[in-house]
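Please look over the model before reading on.

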Amino acid sequence: MNTIPIFEPHAHMISRVTDDYERMSAAGVKVVLEPAFWLGQPRTSVGSFIDYFDTLIGFERYRASQFGIHHVCAMALNPREANDPGVRDAVLKLLPRYLEKGGVVAVGELGLDEMTSTEEACFEVQVELAKKHSLPLLVHTPHRNKRQGFVRCFELLKHSGFPLEQVLLDHGNEETIAITMGTGVLQGFSIYPNTKMDPPRMVALLKKYGTERISINSACDWGISDPLSVPKTVALMREAGFEEASIRKLVWDTPAEFFSASGRVNRAEWVCPPEAAPFSATGTTIARGGGKVPGSCC
Amino acid sequence: MAGLWKSFAPETALAGMIESELAALAGGAEFAVRAAGLPRRIGRALLPSGQMKLGVVLLERGVWRACDLAALACIEVVGAEVGMELFLHGDRDERLMSVRALPLVSSQGELQQFLRRLQSCNDQALFEAGFVDSNHAARVLDEADWNRAVLKLAFVGVALERITDWEARTNPVLGAMLADLAAERQAAGRPVWAGTNVVLASLDR
Ligand SMILES: [Zn+2]
């Protein structure tokens with residue numbers, strides 16, 4: 001049985017069905033972080049971005065709360081659509097407003113995809129936005145030409161002067177960990193069912209490098225992906241004899257600390273179910289059918 | 001009427017924080033960007049309870065949060081149209097602030113439109129905030145909109161006592177809608193809304 005709370009730091013829940021929320025909740029997921037990314041195909045107007053951002057901070061958070069899961073976001077212009085001059089500047093202009101929202105705990109996914117100069121320019125603009133809004137960064141690294149793209153992201157970050165401890169450099173693998181180990185960066189690994197990094201490979205990597213400054217996620221979206229890949233990796237880690245404390249560090253302490261460091265959210269509230277329910281006449285919140293008062297489990 | 005927020009008689013500390021928000025706006029800060037931070041800066045503490053009458057408006061002050069009052073003060077300055085942005089593009093906190101504040105600065109037509117939009121809101125807390133604990137719905141909705149609103153309140157199980165002026169607005173069409181809902185629930189073996197019989201009895205009188 002899994003008693004360790006799980007922070008899923010990279011899940012595109014807008015693409016998932018309610019069954020996924022139900023299964024994640026049953027597997028111990030208490031918080032999901034949904035980074036803004038693309039929608040599987042390019043958007044043709046800035047209005048589509050506005051509605052997407054509004055859904056992430058609105059209905060998606062509400063939907064998660066119905067399954068006892070806290071939903072927080074990272075907001076950014078993703079590197080794929082950074083290459084589209086039809087939307088790029090307008091989306092960058094929108095961001096300051098969304099980066100002030102209560103449940104927005106990082107700037108992301110920014111990063112590189114095809115490694116164009118435009119992607120780099122948008123990367124730099126968004127690093128400055130993160131400084132201005134006192135938020136950490138969630139950085140997407142390319143899936144093709146991984147090693148070179150990863151190195152370039154890391155160079156851009158070092159050049160920006162942004163504190164590396166406040167950067168989650170995501171989608172790493174066995175090669176990239178050699179670049180980032182010991183640099184202070186939080187090293188993210190996306191675990192997929194059969195391509196890229198899978199649970200057995202991840203466990204092997206954790207055996208070699210330990211769990212310090214490492215974070216794992218499912219990066220589940222519309223493609224072949226598994227919203228339970230974090231709890232499945234936890235189960236494999238147990239079989240492999242990892243201590244509970246180091247598992248907890250990996251899937252809860254590290255991401256919870258990283259995404260609450262801005263002070264935007266109260267980390268203590270994350271282990272209690274979120275408020276999904278109406279405000280009563282006295283303004284306190286009661287669950288439909290008479291649930292408990294928020295915070296009463298803490 | 002500017003300065004409406006002062007009618008809520010906020011404590012000195014809260015009034016001071018609201019004045020600094022207004023000063024920031026006067027200094028050129030963009031409300032759309034600052035609004036999201038109001039709950040963090042001003043807080044969500046509830047105001048003291050008590051019925052208030054502001055012209056034709058009746059409301060319960062005790063459901064208002066400190067940040068809601070700050071939002072009202074700001075929206076009085078930037079106008080209802082900018083305030084509406086909070087509802088359209090805000091998170092739950094911002095949307096609740098707009099649901100509290102907008103009815104006090106909107107024309108009757110704007111408020112009708114706003115409540116119509118809110119009627120379809122999936123988040124029950126926000127829907128309720130617009131339709132109960134004030135007479136906004138009772139004073140501006142036409143009969144068809146009013147009936148739809150009360151039916152949804154009954155459907156989600158809000159207590160009849162929280163629907164301000166329900167007795168004055170009750171009508172036979174609403175009575176038939178509620179009777180249908182009760183029959184459907186009974187047939188399904190589910191609980192019937194407790195207000196049903198009270199409303200039906202009031203129509204018989
Ligand atoms: Zn992603």
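The text below covers the metal site, then the helix packing.

This is a predicted model.

**Zinc site**

Three residues coordinate the zinc ion: A:His10 through NE2, A:His12 through NE2 and A:Glu109 through OE. The distances run from 2.0 to 2.2 Å. Along the chain, the donors follow the spacing H-x1-H-x96-E. A:His12 sits in the loop between β1 (6–8) and α1 (18–26) of chain A, while A:Glu109 belongs to strand β4 (residues 104–111) of chain A, so the pair ties together parts that are 97 residues apart in sequence. Both A:His12 and A:Glu109 are buried.

**Helix pairs in chain B**

| Helix pair | Axes come within | Crossing angle |
|---|---|---|
| α7 (residues 108–119) and α8 (residues 124–131) of chain B | 9 Å | roughly 150° |
| α10 (residues 143–156) and α12 (residues 172–187) of chain B | 10 Å | roughly 25° |

The crossing angle of roughly 150° makes α7(B) roughly antiparallel to α8(B). The crossing of α7(B) past α8(B) is left-handed. On α7(B), the contact uses B:Leu115, B:Leu118 and B:Gln119; on α8(B), B:Leu126, B:Phe127, B:Gly130 and B:Phe131. By class, this contact of α7(B) with α8(B) has five nonpolar residues, two polar and no charged ones.

With axes crossing at roughly 25°, under the 35 degrees cut-off, α10(B) and α12(B) are therefore roughly parallel to each other. α10(B) passes α12(B) in a right-handed crossing. Contact residues of α10(B) include B:Trp146, B:Leu151 and B:Phe155; those of α12(B) include B:Met177, B:Leu181 and B:Arg185. This contact of α10(B) with α12(B) counts 10 nonpolar, one polar and three charged residues.

Definitions and conventions: Residues numbered from 1 in each chain as written. Chains lettered and ligands numbered in written order. Predicted model: local features only at pLDDT ≥ 70, side-chain atom pairs only at ≥ 80, totals over all residues. Heavy atoms only, no water. Donors = N, O, S within 2.8 Å, 3.2 Å for Na, K, Ca; no water. Helix = DSSP H or I, 4+ residues; strand = E, 2+ residues; numbered from the N terminus. Buried < 20%, exposed > 50% of the residue type's maximum accessible area, 1.4 Å probe, protein only. Axes fitted to C-alpha atoms, helices over the stretch in contact; angles between N-to-C directions. Parallel < 35°, antiparallel > 145°, perpendicular 65-115°, else oblique. Left-handed = near helix turned anticlockwise from the far one by under 90°. Contact = heavy atoms within 4.5 Å. Nonpolar A, V, L, I, M, F, W, Y, C, P; charged D, E, K, R; others polar.
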